[in-house]
Amino acid sequence: MTDFASAADHKWMLHALELARLGQFTTAPNPNVGCVLVKDGELVAEGWHRCAGEPHAEVHALQAAGGRARGATAYVTLEPCSHYGRTPPCADALIRAQVARVVVAMEDPNPQVAGAGLARLKAAGIDVVSGVQSAAAERLNQGFCARMRRQRPWLRVKLAASLDGATALANGESQWITGGADVQVWRAKSHAILTGADTVLMDDPQLTVRLNEWPKGVCKPVPEQLRQPIKVVVDSRQRVTRQARIYQHQAEVWRASPSARDAQDLVVPQCGQFIDLALLMQQLAERGINELWSECGPRLAGALLAQQLVDELIIYQAPKLMGASARQLLQLPQFEQMDEVPELDIRDVRYVGTDLRIIAQPRYSLVKLG
């Protein structure tokens, strides 16, 4: 295996990463992967993984290239697989096509692969370069990497507040503090949406992806391929019934409580005022959930943050002031010293319509994930 990567290698890998992003709404629980075949400095063929159970990115590119793949360089955003899953190993397909060189962005964190694909390519006499645009590849598949490495999804918690940090008036009215177009994109990227029984009973949300509300200028899923995210409801007292609007759509609903009512429910023991949230994350990972989007109330959001389960906070702030009696953004434990206060790393700040959107990552997550 060589370590040398040229400027051209970085250029073509960036192109492969753009292809991989085309599958961001459809590939779960599989990762997003793109592949580019290049020969004599010219693009021969390209492909990306489109849907779980269908051919992987390398296979699409090789089929498009045919005999022209011989002697080419393959740029792949994730290490080619070396095992039989729903599809045959992509490493073997590259070997049969007689490519001369394979450049990958990152090693596959899946223990079933984890370097075995690269080793197989090298054993076949193919020159291998790894680590080209690895940071971008990691970001593209944060959820998949989190599930494979730590056995829980990448959890984003959405919060909507006024400029003075309020989420609802004292009487509970909260519809609607902020706009909702940008939220549709985050929902579509996520395999599941987490909420609490209080939110379902108070707001009766649908928690669906609605393409008619999609923000202008943002790549939109093809309606026929749109996958509605699974709804996961934390309902320890079994208060949510099938009359709730989350049940009125095709997407599955998984209720998490100490006992099961339906076959797909998650049985999670009680732990304090909620069920065991860390165990819930583990069970969701076992069911193949990579990216988890949460729209919940301040109690559940605060508990998730206090237990260090949140990877990102997506905070929308509307140009409104709701007053001292309004309900707060998060319910966190009372802190006695400043070194107990959770610290955040601000990753992005921008306007979304008239709202301000802040993407922040808790410092504990930075320490754990690097």
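Me: How are helices and strands defined here, and how are they numbered?
Reply: Helices (H or I, at least four residues) and strands (E, at least two) are DSSP runs, numbered from the N terminus. By that scheme H56 sits in the loop between β2 (42–48) and α2 (57–65).

Me: What kind of model is this, and how are residues numbered?
Reply: This is a predicted model, in which local features need pLDDT of at least 70 and side-chain atom pairs count only at pLDDT 80 or more, while totals for chains, interfaces and linings use all residues. Residues are numbered from 1 along each chain as its sequence is written, and side-chain values use heavy atoms, with hydrogens and water left out.

Me: Which residues does the UniProt annotation "binding site" cover?
Reply: UniProt positions are given in the numbering used here, feature names are shortened, and annotations may be inferred rather than shown by experiment. In this case the unreviewed UniProt entry puts "binding site" on H56, C81 and C90. They span 35 residues in sequence, yet no two of their C-alpha atoms are more than 9.3 Å apart, so they gather at one spot.

Me: Is C81 buried or exposed?
Reply: Buried means under 20% relative accessible area, exposed over 50%, and partly exposed in between (1.4 Å probe, protein chains only). The areas come from the Shrake-Rupley method with a 1.4 Å probe; for residues, only the protein chains shown count as cover. C81 has a relative accessible area of 8%, so C81 is buried. C81 belongs to the loop between β3 (73–76) and α3 (90–96).

Me: Which residues does C81 touch?
Reply: Contact means heavy atoms within 4.5 Å. Leaving out residues up to four places away in sequence, C81 touches H56, P88, P89, C90, A91 and V113.

Me: Where does UniProt place the feature "active site"?
Reply: The unreviewed entry places "active site" at E58, a residue of helix α2. E58 is buried, at 3% relative accessibility. With residues up to four places away in sequence not counted, E58 touches C35, V76, L78, P80, C90 and L94.

Me: How many salt bridges does the structure hold?
Reply: A salt bridge is a side-chain nitrogen of Lys or Arg within 4 Å of a carboxyl oxygen of Asp or Glu. The structure holds 20 of them. One of them joins E138 and R149, with the closest N and O atoms 2.7 Å apart. E138 lies in helix α5 (residues 134–140) and R149 in helix α6 (residues 142–150), so the pair ties together parts that are 11 residues apart in sequence. E138 is partly exposed at 26%, and R149 is partly exposed at 48%.

Me: Which residue forms a salt bridge with R156?
Reply: The partner is E291, and the closest N and O atoms are 2.7 Å apart. This pair links distant parts of the chain, 135 residues apart: R156 is in strand β6 (residues 154–162) and E291 in strand β14 (residues 291–295). R156 is buried at 4% relative accessibility, and E291 is buried at 11%.

Me: Which residues are linked in a network of salt bridges?
Reply: The network links D182, D348, R350 and R357.

Me: Which residues make the nonpolar surface patch?
Reply: Patches are made of residues with over 30% relative accessible area and no salt bridge; like charges are joined within 9 Å, nonpolar side chains (Val, Leu, Ile, Met, Phe, Trp, Tyr) within 5 Å. Here L344, I346 and V349 make a nonpolar patch of about 240 Å². L344 is in strand β17 (residues 344–352) and is partly exposed, with a relative accessible area of 32%.
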